[in-house]
Number of protein chains: 2
Amino acid sequence: MTIDRTVNTMTATLAGAALLSRRAATATSSTIRDLLELAARGDVISLAGGLPCPEAFPTDAVRRATSTALDAGSLQYGATRGEAGCRAALAGWSDVATDADGVVITTGSQQGLDLLARCLVDPGDAVVVSDPDYLGALQVLRGAEARLVAVATNHEGLCTDDLAALLAGGLRTKLVYVVVNFANPTTATMTPARRAHLVELAERYGFIVVEDDPYRELWFEGPPAEAIGVGSELVVRLRSTSKTIAPGLRLGWMTGPAWLLGAVERAKQTTDLHTSTLSQGVVTALAAQDGWLAPHLDRVRSLYRVRRDALLDALGTVFGPELDVVRPGGGMFLWIDLPGVDSAALLPRALDAGVAYVPGAAFAVDTPRPGSVRLSYATASPDELHLAAQRLGEVVTDAWDAQWAGPAARR
Amino acid sequence: MTIDRTVNTMTATLAGAALLSRRAATATSSTIRDLLELAARGDVISLAGGLPCPEAFPTDAVRRATSTALDAGSLQYGATRGEAGCRAALAGWSDVATDADGVVITTGSQQGLDLLARCLVDPGDAVVVSDPDYLGALQVLRGAEARLVAVATNHEGLCTDDLAALLAGGLRTKLVYVVVNFANPTTATMTPARRAHLVELAERYGFIVVEDDPYRELWFEGPPAEAIGVGSELVVRLRSTSKTIAPGLRLGWMTGPAWLLGAVERAKQTTDLHTSTLSQGVVTALAAQDGWLAPHLDRVRSLYRVRRDALLDALGTVFGPELDVVRPGGGMFLWIDLPGVDSAALLPRALDAGVAYVPGAAFAVDTPRPGSVRLSYATASPDELHLAAQRLGEVVTDAWDAQWAGPAARR
């Protein structure tokens, strides 16, 4: 290589970033993902990630299912919509009436959401989300250059009266995104009345409801209410096997109106051709084992219920009864509020003390709550959860002490 | 549900298509994929698809590798860029000097191309492709609303002198896409001189070369020339395990400049979080078996070499020595030209006669060659290939006869 050519190459490399598309030039990495790298230090107990605990994985059943799948030839290219047998199995696991033709298999429900954004959102389109909301959804919608319209959420889920007021005031939206059960990060489950109200609004104003429901099966006290998608042609449901079988399979599915599933299928064709045939074969073989799923899910629910209770107990001991937390009826998270604390600013000290969490501000759309914190009880053991709560308590108490002592200490 | 509500729902459903994004409203399904559905009729021998033959799949090795992967815990969420062990293995399989940090794992190389389009192409950007070119690439680039600039290709690959003339004439492009070895559909392999010329042009004009190379290992007479990507910071290489292990794993990888891999990683995060951990575990375990890959690839190459020869022989017998075909040095396809025939118009008669192919016009960008046909020898057995060639010969001979007899017959 001549010097001229080397110089050319260097100049070209420096200019490389100028070649990026508009969306790539503005894309940022997930705060949570970057944080998880810090939290991977051996001495830190991470309540930050949403990783299922490996004890919940049906590893031996998957091993047998893989062998069945390979016997059935699960190594070939397949249909973009998914293998017919796997779609039939997932139709059976759906909680809306459908059949194999009504299912599109996706590479995790994250891909389902990405494909919906491609199919429905043009740059500048208004899309309604909750504030706060699932970061992976916000990233997809921001990447699609949607204009995010934040609607408040509380312990009954998305505040549909607020949405109704916006719509009555002239808001036009193609898409309302909602995690209906044990939402991430708020843990709220939408009430039946609000579900019905949301469908009414969709029918009146002609928008699509994207009903993301990855935690549905992880209920502790009783199963959640009927899906929004039952009986409406304007609801598309995103489902996942990540929390019921294993996230490493990257297998989700979508049910919804035929015209939209058709568009999603065409978009998926160019995106990854189809989802792993091996993963599909594993799910098909597991579904074919009569009576396998129910006891497996019972076991998974018990496991997470014990951990939820362990973390709630430990936080109660540390912070006392005033702790601002809603006892979640399922899922993987607690959503707490620490008054007078900036949880993002406190995070480095928490990591030093050996505990990781996600500052609630990471999930904010318009209105960050500085004291909010998302804690996952899914990954750590009950003993670790107790230790993590103690460490968190020390860090927060120090912060409170410093705050009250602040003006004096600074002198 | 009230009648009012039913009517509302019906109206909303009819209006559904109006909700589609600009790109979804204009997306069309792949002609090849639609055709494959017809070709799946039991009495049709399909030379249409690009399906590897199942005899080439290392099913037992994959079975053992799966067990190893499950022992190692391959069911959890993973890093977006890919598992470190798998990236290290793929770095070792790369034909450019790199390490685990220089690899991003993708859900098939199709996803690699889709992510590159997201990261580099804004609507209206000029992107250079060959005419004809791989349909899956054309679909991705059209979906990204690129302005496709077609450059001719011949038996030496992309005509880089033509590209140089366009660039000298003022063409500004961010991206040149090229399948360098045993291209689909033309079967051409780019000469070393043209590879060097393309890199020179990239350095002079500051564009990225996307070097798609899924067929590299499927050589019959000898391995292909050094990759374009060796020594240049402006080349990103797309690789795949679909033709060497199995497409059902959906596992490809990308090597290239760090700034671009970083952008691709951020885009992938929102797209499917990461590629199947199980598939990654399988590839990692296969790569860890010293001495497994080389004899496996020898076996796969022999299998396809026999089929290439069988189809060439059979076509030679049917059409005689004037058959316009280049003997491919590798890959899965023959690219033939039938003078005086419109291969797209002839397809229904071919399907009736029990043989399927892809009309060359499906791969055209600007200039369809009506007589061109892509035939895959990968899926059918040598006996079936002989039978398929006979059927094709009868249909084409009938068409030629009808053409010469045409004016008389119509009277």
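Through which surface do the copies, chain A and chain B, meet? They meet through the same surface, because 100% of the interface residues of chain A are also interface residues in chain B. Keep in mind that this is a predicted model. Let's start with how the two chains sit together, then zoom in on a few residues.

**How the two copies are related**

- Turn chain A by 180°, shift it 0.0 Å along the axis, and it can be laid on chain B with an RMSD of 0.0 Å.
- That's what you get from a two-fold axis.

**Where the chains touch**

- On the chain A side, 79 residues are in contact with 79 residues of chain B.
- The size of an interface is often given as the accessible area lost when the parts come together.
- Here, chain A and chain B bury about 7000 Å² between them, and 57% of that is on carbon and sulfur atoms.
- Leu19(A), Leu75(A) and Tyr77(A) stand out: they supply 11% of the area that chain A buries against chain B, more than any other three residues.
- Between chain A and chain B, 34 residue pairs are in polar contact, counting pairs with both residues at pLDDT 80 or more.
- Several helices of chain A each supply at least two residues of the side that touches chain B, among them H1 (3-15), H4 (59-71) and H9 (192-205).
- The helix that gives the most to that side is H10(A), with 8 residues.
- Sort the residues on that side of chain A by type and you get 32 nonpolar, 31 polar and 16 charged.
- There are also 4 salt bridges between chain A and chain B.
- In one salt bridge, the side chain of Asp71(A) meets the side chain of Arg63(B), at 3.0 Å from N to O.

**A closer look at Ser94(A)**

- You'll find Ser94(A) in the loop between helix H5 (84-93) and strand S2 (103-106) of chain A.
- Is Ser94(A) buried or exposed? With a relative accessible area of 13%, Ser94(A) is under the 20% cut-off, so it counts as buried.
- Leaving out residues up to four places away in sequence, Ser94(A) touches Arg239(A), Trp253(A) and Thr255(A).
- With Trp253(A), the side chain of Ser94(A) makes a polar contact of 2.9 Å.
- Ser94(A) and Met254(A) are 160 residues apart in sequence, yet their C-alpha atoms are 9.3 Å apart in space.

- Most residues other than glycine have a negative phi, and most peptide bonds are trans.
- In chain A, the peptide bond from Asp131(A) to Pro132(A) is cis, with omega near 5°.
- Chain B has a cis peptide bond from Asp131(B) to Pro132(B), with omega near 5°.
- Pro132(B) sits in the loop between strand S3 (126-131) and helix H7 (135-143) of chain B.
- Thr187(A) isn't a glycine, but its phi is positive, near 70°.
- Thr187(A) lies in the loop between strand S6 (175-179) and H9 of chain A, and it is buried, with a relative accessible area of 6%.
- Arg250(B) isn't a glycine either, and has a positive phi of about 50°.
- Look for Arg250(B) in the loop between strand S8 (235-240) and strand S9 (252-255) of chain B; it is buried, at 2% relative accessible area.

**Around Thr186(B)**

- Thr186(B) is in the loop between strand S6 (175-179) and helix H9 (192-205) of chain B.
- Thr186(B) is buried too, with a relative accessible area of 12%.
- Beyond its neighbours within four places in sequence, Thr186(B) is in contact with Pro132(B), Thr153(B) and Trp335(B).

Technical notes. Residues numbered from 1 in each chain as written. Chains lettered and ligands numbered in written order. Heavy atoms only, no water. Helix = DSSP H or I, 4+ residues; strand = E, 2+ residues; numbered from the N terminus. Buried < 20%, exposed > 50% of the residue type's maximum accessible area, 1.4 Å probe, protein only. Contact = heavy atoms within 4.5 Å. Least-squares fit on C-alpha atoms with pLDDT ≥ 70 in both. Buried area = accessible area lost by both parts, 1.4 Å probe. Polar contact = N/O pair within 3.5 Å; in protein donor to acceptor, adjacent residues only side chain to side chain. Nonpolar A, V, L, I, M, F, W, Y, C, P; charged D, E, K, R; others polar.
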